[in-house]
Amino acid sequence: MIKETHLSYVQNGGQKTWASDGNADQTAVNLLADHTMDVENQVDEKVRVTWSRKAEYVLSMMGYGVGLGNIWRFPYVCIRNGGGAFLIPYIVCLMLCGLPLYFMDVAMGQFMSRGVYHIWSICPLFKGIGVGQIIVNVICAWYYILLIAWVLIYLVHSFRSPLPWTLCGQGWNTPACVPQGQRVGLTGNDTNSSSLGPDNATAVTSEGYDLVNGSRLIKPLRPAGEEFWVNNVLELSSGLDNLDGLPWHTTLALLVACVLVLLCIVKGVKSVGKVVYVTATFPYILLTIFIVTGATLPGAQDGVLFYLKPDFSKLMQVQTWLEASFQVFYSLGPIWGALVTMSSYSKFQNNCMRDSIILTFLCEGTSVYAGFAIFTVLGHMAYNLKLPVESFATSGPGLAFVVYPEAVAYLPVPQLWAVLFFLMLLTVALDSQFAGVEVIMTSLLDIWPKLMRKREVIVKVVFCSVQFLLSLPLASRGGIYLFTLVDWYIAAFATAAIGLLECIIVAWIYGAERFMDDLELMIGRRPPCIFSILWRCVTPSLLLILLVTSLLSYEAPSFEGYHYGAGAVAFGWMVAVVWFLPVPLVAGFKLMTSHGSIRDRLKYNCSPSPEWQPGDVSFREIYQQKTRPPAFCRLPRPPCLQGVSK
């Protein structure tokens, strides 16, 4: 039974204090007084900047949702889990897990017009989630910038004729190099052969052959594209314990990447909003050109059939459904904080529900669309080499920096297609980097508004400079080992855990119905009740299964046959949990510094603070006058929740 209580602000000697109607417990009133901040002092000196046009917001969200993972990860995961049949669990997981979390993130950011640190005033006990989201974006911005540097290196080399990754006999090549048009593998009576080039064994010298049971094992030989990647771009060292200095070209590319990002974000959403007109639309134009051109090439249909050939037996495997969930989480990008940040610059009455539905399916549909562009060209490459398409079904940097550069070399005017391909990778990588950096900058702006308004450009210059210096170990000859380690662990477990917490906080502690009321104030109508069901039951259940399964199926990473030692694995685990650690630490601090019994402290910190209110000042009075159902906790509410009854 929750006793009806009315609390209000009253003027008392020039100060505003809490007053009750006499029904409230005095301890609760005192706790609430401690919990209250002077909301008027929190109103920005200037109205928060918003997107100049709705198109800029949509394009920014599209740019964030369409990243390198859509190009190099989805096609491979699709093939490994049933081809066209994989689209069934993928769409189901998208609707039951991806869309609800996407909508929740966007709605929270738009409601408060604040970044990831402040939105958790909805439940101050878990404000550490916001701290963790800032930390993870710092880590991602730190190592993701190296991808942009690699793309820049390939982009510069794409203007050369012939393309340098198609030839042998260059400074970085070894005697084991095999030029374009030939493949290396096992020949003879070995059933695992991946074959040679069109002329088979006659196209390869006998140097480097090992005899194994009468078969010729071409183990030392490597394609020219792979040698260009490993020996020239990476200049790969022996391991993580041997960083072996900085190659000048990677260091220069890293510096250019940092400067490029700085120039694009220097004016915040005003500059990013203009840049995304190019960076968010250009990939779609190029993907379409690749599909149309690739479809006319011999062997393209084999690539498409291999990509979409359904294997319905995979649908009976739990792993297929888990990978579908991981892929949705990985590419759509909820929980990371970027969706909250970008939507916080939207106008308060923007229809975020409609936007979330459209953007979710548009961004994830791009993953499928990109697969057609990739596999039409890979099918043509397989046709030329007389190899099965599955020979090239790889994931990660290997697809983007080894297989596909070699594939475009088979197209007419290969330099043109190489330039277009790496321009496309550059735009999608920049969009993802913009979003991560903007999470950090917006959080700093919300925490220290006066400082950031006066020194915004200086802060961004300092951030990008520090980022460059800290990223130098990644640019070293052993940097790829560090990159692989961080990339393996960064989203391993904390994403599912924080997604689960977010559903519990919003749908159960704050209350799904109260959140639906907030949405109704924003978009003018109540969202369908299916979202309430998903937020309360379905989505958290899926996230719990995902979290448990990922913990049970954990494996240590490896790269190019290199296995990480115990120290590296320990560092990886630190990366995996570092952005979750603020959650219990901040919660413990909140409980220790509150007053009253443990029960009162818990209730107090689980209640939304007065800071949780519409970011648009003109809607605050309406919001404060509305009567809402009680939340999970029974502490008397601030004035925006006056009139709450049992």
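**View 1. Asn 350 sits in the loop between α14 (338-343) and α15.** Helices (H or I, at least four residues) and strands (E, at least two) are DSSP runs, numbered from the N terminus. This is a predicted model, in which local features need pLDDT of at least 70 and side-chain atom pairs count only at pLDDT 80 or more, while totals for chains, interfaces and linings use all residues. Residues are numbered from 1 along each chain as its sequence is written, and side-chain values use heavy atoms, with hydrogens and water left out. Asn 350 has a relative accessible area of 10% and is therefore buried. Buried means under 20% relative accessible area, exposed over 50%, and partly exposed in between (1.4 Å probe, protein chains only). Neighbours within four places in sequence aside, Asn 350 is in contact with Lys 54, Tyr 57, Gln 110, Asp 355 and Ile 523. Contact means heavy atoms within 4.5 Å.

**View 2. Helix α3 (residues 54-65) packs against helix α15 (residues 352-385).** Two packed helices are described by the angle between their axes and the distance between the axes. Here the angle is about 40° and the axes are 10 Å apart. Axes are lines fitted to C-alpha atoms, for helices over the stretch in contact, and angles run from 0 to 180 degrees between N-to-C directions. α3 and α15 are therefore oblique to each other. Angles under 35 degrees count as roughly parallel, over 145 as roughly antiparallel, 65 to 115 as roughly perpendicular and the rest as oblique. The crossing of α3 and α15 is right-handed. A crossing is left-handed if the near helix is turned anticlockwise from the far one by less than a right angle, and right-handed if clockwise. From α3, the contact draws on Lys 54, Tyr 57, Val 58, Met 61, Met 62 and Gly 65. α15 supplies Arg 354, Asp 355, Leu 359, Leu 362 and Cys 363. Seven of the residues in this contact of α3 with α15 are nonpolar, one is polar and three are charged. Ala, Val, Leu, Ile, Met, Phe, Trp, Tyr, Cys and Pro count as nonpolar, Asp, Glu, Lys and Arg as charged, and the others, Gly among them, as polar. Lys 54, Tyr 57 and Asp 355 also contact Asn 350 of View 1.

**View 3. Helix α19 (residues 479-489) packs against α22.** The angle is about 45°, with the axes 8 Å apart. That makes α19 oblique to α22. Their crossing is right-handed. Leu 482, Leu 485, Val 486 and Tyr 489 make the contact from α19. On α22, the contact residues are Ala 568, Val 569, Phe 571, Gly 572, Trp 573, Val 575 and Ala 576. The contact of α19 with α22 has 10 nonpolar residues, one polar and no charged.

**View 4. Two aromatic pairs are shown, out of 42 in the structure.** Rings of Phe, Tyr and Trp (its six-membered ring) pair if their centres lie within 6.5 Å; planes under 30 degrees apart count as stacked, over 60 as edge-to-face and the rest as tilted. Phe 421 and Phe 422 are edge-to-face, 5.1 Å centre to centre with 75° between the planes. Both Phe 421 and Phe 422 are buried. Tyr 554 and Trp 573 form a tilted pair, 4.9 Å centre to centre with 50° between the planes. This pair links distant parts of the chain, 19 residues apart. Tyr 554 lies in the loop between α21 (529-552) and β7 (558-559), Trp 573 in helix α22 (residues 566-578). Tyr 554 is partly exposed at 27% relative accessibility. Trp 573 is partly exposed too, at 29%.

**View 5. Backbone details include a cis peptide bond between Ser 161 and Pro 162.** Most residues other than glycine have a negative phi, and most peptide bonds are trans. Omega of the cis bond is about -5°. Pro 162 lies in the loop between α7 (128-157) and β3 (177-178). Ser 113, not a glycine, has a positive phi of about 55°. Ser 113 belongs to the loop between α6 (87-112) and α7, and is buried at 8% relative accessibility. Glu 235, not a glycine, has a positive phi of about 50°. Glu 235 belongs to the loop between α8 (224-234) and α9 (248-265), and is partly exposed at 22% relative accessibility.
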